[in-house]
Amino acid sequence: MTIADGSDRPNHVKDLGNNGEPAPHYVVSDRSTHDGVLIELESLRAEIRDLRQVIARLVSSPTENPHVLLETGARVVPSAVLLAPGPNHQIRLLAGSVVNRDCEINGPMTLGKRSFINKGGFVQGHVTVGISVAIGPFVRIVTDNHEVGTPHRRAGKSHSLPVTIGNGVWIGASVTILGGVTVGDGSIIGAGSLVKDDVPPNTVVAGVPAKVVRKLDQTNGPG
C-alpha cells in the first residue's frame, strides 16, 4: 500500500497542522488495483476501435461506396444509413432526390428525380420510387415476408416481393407498404395506413388495411 503524497505514513495516522486542525486527507491507493483498471480500460478502448472499423466497413459514406450512385443535386443527410454491400444491392438516387436524417435504405433501390424520404424512413430493398414522390416521416416499405412454417417456427422460408411507387405520389407519415404492391401515379396514402394491395392511380387510400376513399382529378404527370 502507498499513500498518494508519496510518504510511507500508515493510513490510520492523522497529523495535526500548526494550528491544531487536522492535516489534509490522504488518499490510499492500491497500485495493483489501479494497474488492473488501466489494463481493462485499454482493452475496452481496443474493442471500441475494432467495433468502429467493423461499422465503417458495413456502413460507408455514400460518396465512398461504389454501389451507391448519386446524380447531380441528390443529397443524403449524414445520419442516414445506406446499405449497398454489392452490385446486386445498388442504390440509385436520381437528380434532386433527398434522403433525410435517421433513414435506413437497403438496396437495391431507386429514388426518382426530386423525390424525398423524410425522417426515420425504412426501405427494405427491391423498391423503385418514381419522380416527385413525397414520402413522409417514419414510413416503412417492407418487401420481405415468410411462408407459414410449422408450429415450432411459424415464420418459415423467407422471400421478397418488389414495391413500385409511381410518379407524384404523396405518402403520409407512418405508412407501412408491404411487398408486391404497386402504387399508381398521382395517388395519396393517408397517414398510418397499411398498404397490402395495389393502389390505383389518382386515388386517395387510407386505413388498416388501406382502402380507396375517393378519386382525384387527373392532371399532367411530372416532367
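**Exercise 1.** Is Asp 102 buried, partly exposed or exposed, and at what relative accessibility?

*Solution.* The model is predicted: local features need pLDDT of at least 70 and side-chain atom pairs count only at pLDDT 80 or more, while totals for chains, interfaces and linings use all residues. Residues are numbered from 1 along each chain as its sequence is written, and side-chain values use heavy atoms, with hydrogens and water left out.

Step 1. The classes are set as follows: buried is under 20% relative accessible area, exposed is over 50%, and partly exposed lies in between (1.4 Å probe, protein chains only).

Step 2. Asp 102 has 42% relative accessibility and therefore counts as partly exposed.

**Exercise 2.** Identify the salt-bridge partner of Asp 102 and locate both residues.

*Solution.* Step 1. A salt bridge requires a side-chain nitrogen of Lys or Arg within 4 Å of a carboxyl oxygen of Asp or Glu. The search of the whole structure finds 3 of them.

Step 2. Asp 102 meets Lys 119, with an N to O distance of 2.8 Å. This pair links distant parts of the chain, 17 residues apart: Asp 102 is in the loop between strands S7 and S8, and Lys 119 is in the loop between strands S10 and S11. Strands (E, at least two residues) and helices (H or I, at least four residues) are DSSP runs, numbered from the N terminus.

Step 3. Lys 119 has a relative accessible area of 24%, so this residue is partly exposed.

**Exercise 3.** Describe the salt bridge between Glu 42 and Arg 45.

*Solution.* Step 1. The closest N and O atoms of Glu 42 and Arg 45 are 3.9 Å apart.

Step 2. Because the two residues are 3 residues apart in helix H1 (residues 31–58), about one helical turn separates Glu 42 and Arg 45.

Step 3. Glu 42 is partly exposed at 39%, and Arg 45 is partly exposed at 44%.

**Exercise 4.** Characterise the pairing of strands S15 and S16.

*Solution.* Step 1. Pairing requires at least two bridges found by DSSP between two strands. S15 (residues 144–150) and S16 (residues 153–160) are antiparallel and share 5 bridges.

Step 2. A hairpin of 2 residues joins S15 to S16. Within this pairing, Asn 145 is opposite His 159.

**Exercise 5.** Locate the cis peptide bond that involves Pro 108.

*Solution.* Step 1. The bond joins Gly 107 and Pro 108, with omega about 5°.

Step 2. Pro 108 is placed in the loop between S8 and strand S9 (109–111).
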